Amino acid sequence: MTPTRSNALARRRWLAPAACALSLALAIPGAALAAEPAATRQPADDDLPVKDVQTFAEVFERIKRAYVEEVDDKTLLRNAMRGMLSQLDPHSEYLDADAFEALRETTEGEFSGVGIEVGLRDDQLTVISPIDDTPAAKAGIQPGDRIVAIDGTPTENLTLQEAVDLMRGDPGSHIQLTILRDSEQTPRTFDLQRESIQSESVTQRELEPGYGYLRISQFQSRTGDQTREALAALTAKGPLKGLVLDLRNNPGGVLSSATEVADQFLSSGLIVYTKGRLVDDDMRFTAHAATLAPDVPLVVLINGGSASAAEIVAGALQDQQRAVLMGTQSFGKGSVQQVLPLGNGDGLKLTTARYYTPSGRSIQAEGITPDVRVVRGRLEVDDTPGFQLRESDLRGHLQNASPSAQRNAPETPIAANDYQLSEALNLLKALNVVHSARASAKPSAAERETAD
């Protein structure tokens, strides 16, 4: 039901009695309840508070009558619904048709924009993480950066959806982001060109012979399948001695994809469980016996940009003692959102449950603490010339009997470019040494038979 706007009298008729009119507009049978004597009617848990409904109708009427500019009914009602959701938590929101479609595109891995995941932190628009190989990542935008203006428009009074809408646009168009970084006093300005982003969420490469690197930038609908393909490619040359799973700056995504990824490294046990108010929101996800990498030594990299689904994977592997977590404290988003379509083509993104790691931990607003803390850094190698006496400088030194037996150097200068990744590789090598030593210490079958 939409009130007529022919004149003020018509509006007053629509608003009087306010409780009954709004009940009709919202399809809530409040009029019949209100007509019953208070002594005979038993209060129900889902009754609307009549006084608050009357106050809402009064505010609605005053805005329409006295606001400096004319506002249509649809805009006011949409704003009211947005306000209802935005005050619940930072992740619940009302999605108009365009925003609903944009969310679907992001989940599928194709959209137009600059490639950043944003949220509200202390009522400020904040970068959760940039997506790999996007304009934002290439420009150097970092997790924790606060976006204070978009194309000159201050963000302090924008809703999260309004900010996202401003950042979306046609491929090739430009956008200017004004960003304030915690460690700096003066804002930075980034001039970015929007792109049609078709992001592959999983990449892989070999760090050194036998040591693999698997990067997951976000959890999309196909991330589970892409992870299986990447692991198959890494193991095509032979068994892996160790694997680095990089979840840094991964803002999360689809819950089912996160459980599929964790399942590739776990052959049994609980991955994650959720608890909500409704029975349907209580779910448990367990690992299957068939897996591609059940025994490969594993180091998982996390940081402050690792959120939601990334924390589900990290928490499961940590609780089951399947991997060593390295890096810095994760983001701390321990809630689950459902996207619910509405009859008018819009949708709701509503927080319906909290999730818990296998040991029963809720990481909401706390994050996951890594087993080994390694901050972001860069290793600088001192290559200044200087006299260093080596065995090879001595006259008459013995030649190496096996000159071709040299250590294989990594394909990329890992230590110089990524200190955390370098430390993860070093840890994997140490784990491999320990594993080999334990294996060699065990008596063989023949030795066991002789001993018997």
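These legends accompany several close-up views of one predicted protein model.

The structure is a predicted model, in which local features need pLDDT of at least 70 and side-chain atom pairs count only at pLDDT 80 or more, while totals for chains, interfaces and linings use all residues. Residues are numbered from 1 along each chain as its sequence is written, and side-chain values use heavy atoms, with hydrogens and water left out.

**View 1. The protein chain as a whole.** The protein chain holds 14 helices and 19 strands, where helices (H or I, at least four residues) and strands (E, at least two) are DSSP runs, numbered from the N terminus. Of the 452 residues in the protein chain, 40% are buried, a word that stands for under 20% relative accessible area, with exposed meaning over 50% and partly exposed in between (1.4 Å probe, protein chains only). Among the contacts with a separation of 6 or more, 68% come from residues 24 or more positions apart, a contact being heavy atoms within 4.5 Å.

**View 2. The largest nonpolar core.** A nonpolar core is a set of buried Ala, Val, Leu, Ile, Met, Phe, Trp, Tyr and Cys residues joined through side-chain atoms within 4.5 Å. The largest one here has 39 residues, and those with the most contacts inside it are Phe-219, Leu-243, Leu-245, Leu-247, Phe-265, Val-300 and Leu-317. At least two residues of this core come from each of strand E11 (211–216), helix H9 (223–234), strand E12 (242–246), H10, strand E13 (270–276), strand E15 (298–302), helix H11 (309–319) and strand E18 (347–356). With 7 residues, H11 gives the most to this core. Another core lies apart from it and has 17 residues, among them Val-114, Val-118, Val-127 and Met-167. In soluble globular proteins, nonpolar side chains tend to be buried together.

**View 3. The surroundings of Leu-247.** When its neighbours within four places in sequence are left aside, Leu-247 is in contact with Arg-215, Ile-216, Phe-219, Val-300, Leu-301, Ile-302, Ser-306, Ala-310, Val-313 and Ala-314.

**View 4. Helix H10 against helix H11.** Two packed helices are described by the angle between their axes and the distance between the axes. Here axes are lines fitted to C-alpha atoms, for helices over the stretch in contact, and angles run from 0 to 180 degrees between N-to-C directions. The axes of H10 and H11 cross at roughly 30 degrees and come within 9 Å, and these two helices are therefore roughly parallel to each other (angles under 35 degrees count as roughly parallel, over 145 as roughly antiparallel, 65 to 115 as roughly perpendicular and the rest as oblique). In H10, Leu-255, Ala-258, Val-261 and Ala-262 meet Ala-309, Ile-312, Val-313 and Leu-317 in H11. The residues of this contact divide into 8 nonpolar, no polar and no charged, with Ala, Val, Leu, Ile, Met, Phe, Trp, Tyr, Cys and Pro counted as nonpolar, Asp, Glu, Lys and Arg as charged, and the others, Gly among them, as polar.

**View 5. Helix H9 against helix H10.** H9 and H10 pack at an angle of about 25 degrees, with 8 Å between their axes, and that makes H9 roughly parallel to H10. On the H9 side the contact is made by Thr-223, Gly-224, Asp-225, Thr-227 and Arg-228, and on the H10 side by Ser-257, Glu-260 and Val-261. The residues of the contact of H9 with H10 divide into 1 nonpolar, 4 polar and 3 charged.

View 6. Leu-255 is placed in helix H10, and at 17% relative accessibility Leu-255 counts as buried. Not counting residues up to four places away in sequence, Leu-255 touches Val-272, Met-283, Phe-285 and Ile-312. Leu-255 and Val-336 are 81 residues apart along the chain, with their C-alpha atoms separated by 8.1 Å. Thr-259 also lies in helix H10 (residues 255–263) and counts as buried at 9% relative accessibility. With residues up to four places away in sequence not counted, Thr-259 touches Ile-271, Val-272 and Phe-285.

**View 7. Thr-134 in a loop.** Thr-134 has its place in the loop between strand E4 (124–130) and helix H7 (135–139), where Thr-134 is buried, with a relative accessible area of 1%. Leaving aside neighbours within four places in sequence, Thr-134 is in contact with Val-114, Gly-115 and Ile-197. Thr-134 and Gly-115 are 19 residues apart in sequence and 5.3 Å apart in space, C-alpha to C-alpha.
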